[in-house]
Structure formats: C-alpha cells, structure tokens
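Subject: Structure handover

Hello,

Here is the structure for you to take over. My notes on it follow below.

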Amino acid sequence: MDIANIRGKYTTKDFDIKDLDKNPFKQFEIWFNDAINENLPEPNAFSLATTGLDMMPSLRTVLLKYFSEKGFVFFTNYDSKKAKQLEANPKAAALFTWLTLERQIKIEANVEKISKADSLKYFLSRPKGSQLGAWVSRQSEVISSRALLENKFREMKEKFLNKEIPFPSFWGGYILKPVKIEFWQGGEDRLHDRFSYELQENGSWEIKRLAP
C-alpha cells in the first residue's frame, strides 16, 4: 500500500503571538472550548505517554476530567501499567489532537496522585456502571476471555443492587503539572504556527515561537 501521497491541506489563518493569552491554562481553556463548540467527539480525550525503569515508552488514550491552573487531572487504576510506570518515573507527556480545527496541544509534566478525598468526590459522581467497572477490571492484567469480565460485572451488580458502591482503594486520580505546554496550529504549505510556554523558576511562563 502506497501512503506517501496521503496529505491534508491546512487552510487555517496564521496564528500569531498576539493571539495568545499570557497564561497557558487560559489559552488551553480557549482552545478546549473551541473543540467543544465544534461538537468534536470526545474533545477531552488525550494521548498519555509514560516511561518506566526499562525506558520503553508506553502510550494510550485517557480522558481529561478537569483542569485548573494547578494542572490536568485524569483517573485510572493504581495497579495499571501506566500507574506502575508513573511510580517509577513520575513524569509524562500528553497530546490533545483536534484535527478538525487543525490544532494540537503538547504537554510535558511532572505527575502526582491527587488526594483520596478528591478521588472519592469524583468516584461518587460517576454512573453506577462506571463505579462497578472500576472494581471489575484489574487493569492491564492478562485475562482469559471477555466472558470473565462480564460474569464478574453481573456478580458485582447483584451484590450491590440498591446499595452504595464502596470506593476502591486501588483507583484514583493523577494530576499533570506542566513544565512545558505547546500550542500547534496548522498552516498552509506546512508553515505551521507553534508556540511553547516554558515554566520559569519564578513561576512565570516564557513564550517562544518554534519552527514548524
């Protein structure tokens, strides 16, 4: 299969430094709202890259659940592969890709677990099926069949019928605390616009234009 000639044509207007908010979290919010307003599917989905002691990168898609100037939060099983890698190396990279808008946002960050209280608060807001799913799936472990999961789910559903589902101690949130955030806007003739915010020692952000 010859895919060398597959290419899109970027037609978005130039994106200049004057168009940027000085605060990267506010700029993220602007672009995130644009993605929502365009009715893009799963606008909060992003690729998360982690690396453990073996230095082999691992990549998967997770969902952003909330963000603030403190960072970006997602939830997972603390026994999962990503969690084990983050325990060994608490740094990660994230990528939001909104091709319809010809935009990407790249994040490099330190990672920490959020408090148990904050994880519990989010867990209680989840649909009951999602709460049960957190208990049923021992994420990243090898299983013999899907039927095994479905049977366990039915058992848990019956066990907690009309009951409050307890909070699993092995599940919770992580927060990405960025040290670098890059905003990428597609441009004609591959002259894309890229702006990088880098965190300085005094807590301010330095903005730089990068070559495409």
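How do the residues of the lining of the largest pocket divide into nonpolar, polar and charged? The model is a predicted one, and in it the lining divides into six nonpolar, seven polar and three charged residues. The volume of this pocket comes to about 360 Å³. Its lining has 16 residues, and those closest to the centre are Phe75, Thr76, Arg126, Gln139 and Trp171. Strand S2 (57–63), strand S4 (71–77) and helix H4 (128–136) each contribute at least two residues to the lining.

Next, a lysine to look at. Lys82 sits in helix H2, which covers residues 81–88. Lys82 is buried but has no salt bridge. The nearest side chain of opposite charge belongs to Asp79, 12 Å away; a salt bridge would need a nitrogen and a carboxyl oxygen within 4 Å. Apart from neighbours within four places in sequence, the residues in contact with Lys82 are Leu48, Thr50, Arg60, Val62, Phe74, Thr76 and Gln139. Of these contacts, Thr76 and Gln139 are also among the residues closest to the centre of the largest pocket.

Lys106 and Glu182 form one, with 3.6 Å between the closest N and O atoms. Lys106 belongs to strand S6 (residues 103–113) and Glu182 to strand S7 (residues 171–185), so this pair ties together parts that are 76 residues apart in sequence.

Through shared partners, salt bridges join Lys106, Glu182 and Arg194 into one network.

Lys177 and Glu112 make another salt bridge, at 3.2 Å from N to O. Lys177 is in strand S7 and Glu112 in strand S6, so the pair links parts of the chain 65 residues apart. Lys177 is partly exposed, with a relative accessible area of 33%, and Glu112 is partly exposed as well, at 41%.

Regards

Note on methods:
Residues numbered from 1 in each chain as written. Predicted model: local features only at pLDDT ≥ 70, side-chain atom pairs only at ≥ 80, totals over all residues. Heavy atoms only, no water. 1 Å grid on protein atoms, 1.4 Å probe; cavity = no way out; pocket = protein on both sides within 12 Å on 5 of 7 lines; lining within 4 Å. Points joined across faces, edges and corners; volume = space filled by probe spheres on them. Helix = DSSP H or I, 4+ residues; strand = E, 2+ residues; numbered from the N terminus. Nonpolar A, V, L, I, M, F, W, Y, C, P; charged D, E, K, R; others polar. Buried < 20%, exposed > 50% of the residue type's maximum accessible area, 1.4 Å probe, protein only. Lys, Arg positive; Asp, Glu negative; His and termini not counted. Contact = heavy atoms within 4.5 Å.
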